Amino acid sequence: MIINHRYRFIFLKTRKTASTSIEIALSRFCDSNDVITPISKKDERIRQELGFPGPQNYKIPIRYYDKIDWLNFLAGGHRKRFSNHSVAQYIRNNIGKGAWSSYFKFCFERNPFDKAISRYYWSTSEPRPGIGEYLQSAPVELLSNWGIYTINDHISIDFVGRYEELHDHLAFLKDKLCLPQDIVLPNAKGGHRKNREHYSKVLDSKARARIETVCAKEMVYLNYHWNEV
């Protein structure tokens with residue numbers, strides 16, 4: 001997750017949508033005043049090698065603390081902070097209404113069937129369970145990003161880019177945000193998925209039904225449909 005004050009944008013990080021690569025690329029445009037949340041050690045090394053700023057300012061100022069936050073802090077010294085996949089409601093509550101309403105807020109989404117397969121390979125290791133078995137038991141928040149970019153079940157950000165149109169949508173964001181250079185993605189978190197067959201060849205009817213149930217709202221919003229090959 002990134003909050004950039006110079007270019008006035010908030011990047012919400014969804015799961016299995018190339019968001020780590022996008023986050024690293026967007027770090028290039030950050031300065032010492034911006035919020036950048038930590039990512040994995042491996043991915044932080046990529047960011048460091050590129051010379052981009054790393055994690056900073058992700059501890060939330062105490063002016064945004066409520067009674068529960070103060071109790072947690074006083075009891076254990078735990079500071080409230082932004083995290084990798086902080087959701088829209090949490091971000092809005094902890095940056096102030098002015099920044100939330102005036103900054104350009106965006107994330108990326110992906111075909112839910114492809115996303116589910118990517119999640120399966122990311123979350124399992126050999127010997128892997130069957131993909132249908134995994135998807136039936138996987139938590140909803142690992143299969144659907146809907147809760148990240150909505151508040152009270154309504155889209156709460158300005159732009160939801162599509163993974164399938166990544167190049168074009170990154171170019172749009174470069175112009176929209178008036179960034180001085182293109183958003184150039186490094187290769188982060190690749191190589192886990194072994195099966196590159198079309199999802200209709202990988203998912204059976206039960207797996208399809210599970211994804212269509214869990215991801216129904218984003219499928220309607222972004223017009224994703226099951227297609228055969």
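Buried residues have a relative accessible area under 20%, exposed residues over 50%, and partly exposed residues lie in between (1.4 Å probe, protein chains only). By this criterion Phe82, at 3% relative accessibility, is buried. The model is predicted: local features need pLDDT of at least 70, side-chain atom pairs count only at pLDDT 80 or more, and totals for chains, interfaces and linings use all residues. Residues are numbered from 1 along each chain as its sequence is written, and side-chain values use heavy atoms, with hydrogens and water left out.

Aromatic pairs were searched across the whole structure, and 15 were found. Rings of Phe, Tyr and Trp (its six-membered ring) pair if their centres lie within 6.5 Å; planes under 30 degrees apart count as stacked, over 60 as edge-to-face and the rest as tilted. Tyr65 and Trp70 have ring centres 5.4 Å apart and planes at 65 degrees, so this pair is edge-to-face. Tyr65 is buried, with a relative accessible area of 9%. Trp70 is partly exposed, at 34%. Phe82 and Tyr90 also form a pair: their ring centres are 6.1 Å apart and their planes stand at 90 degrees, so the pair is edge-to-face. Tyr90 is partly exposed, at 25% relative accessibility. One aromatic cluster is formed by Phe9, Phe11, Phe104 and Phe106.

Charged groups also sit over aromatic rings. The criterion is NZ of Lys or CZ of Arg within 6 Å of the ring centre and within 35 degrees of the ring normal. The charged end of Lys105 sits over the ring of Trp100, 5.0 Å from its centre. The charged end of Arg110 sits over the ring of Tyr163, at 4.1 Å from the ring centre.

Helices (H or I, at least four residues) and strands (E, at least two) are DSSP runs, numbered from the N terminus. Helix H4 spans residues 88-95, and its buried residues are Ala88, Ile91, Asn94 and Ile95. Seen down the axis of H4, these residues fall within an arc of 145 degrees, so they line one face of the helix. The arc is that of the directions from the helix axis to the C-beta atoms. Contact means heavy atoms within 4.5 Å. The buried residues of H4 pack against S1, S2, helix H5 (97-102), helix H9 (146-149) and strand S5 (150-151). Gly96 follows H4 and has a positive phi, near 95 degrees.

Helix H10 covers residues 166-176; Leu166, His169, Leu170 and Leu173 are its buried residues. Viewed down the axis of H10, the buried residues fall within an arc of 105 degrees, so they line one face of the helix. His167, Asp168 and Asp175 are exposed on the other side of H10. The buried residues of H10 pack against helix H1 (19-27), strand S4 (104-109) and strand S7 (159-162).

Backbone geometry was examined next. Most residues other than glycine have a negative phi, and most peptide bonds are trans. Cys178 lies in the loop between H10 and helix H11 (199-202). This cysteine is exposed, with a relative accessible area of 60%. Arg8 is not a glycine, yet has a positive phi of about 55 degrees. Arg8 belongs to the loop between strand S1 (2-4) and strand S2 (9-11). Its relative accessible area is 40%, so Arg8 is partly exposed. The peptide bond from Glu126 to Pro127 is cis, with omega near -5 degrees. Pro127 lies in the loop between helix H6 (112-123) and helix H7 (131-137).

Two further helix residues were examined. Arg210 is placed in helix H12 (residues 205-214). Lys and Arg count as positive and Asp and Glu as negative; His and the chain ends are not counted. A salt bridge is a side-chain nitrogen of Lys or Arg within 4 Å of a carboxyl oxygen of Asp or Glu. Arg210 is buried yet has no salt bridge; Glu141, the nearest side chain of opposite charge, is 8.1 Å away. Not counting residues up to four places away in sequence, Arg210 touches Leu135, Gln136, Ala138 and Leu143.

Asn72 lies in helix H3 (residues 67-76). Asn72 counts as partly exposed, at 43% relative accessibility. Neighbours within four places in sequence aside, Asn72 is in contact with Gly77 and His78. Asn72 and Ser32 are 40 residues apart along the chain, and their C-alpha atoms are separated by 28 Å.
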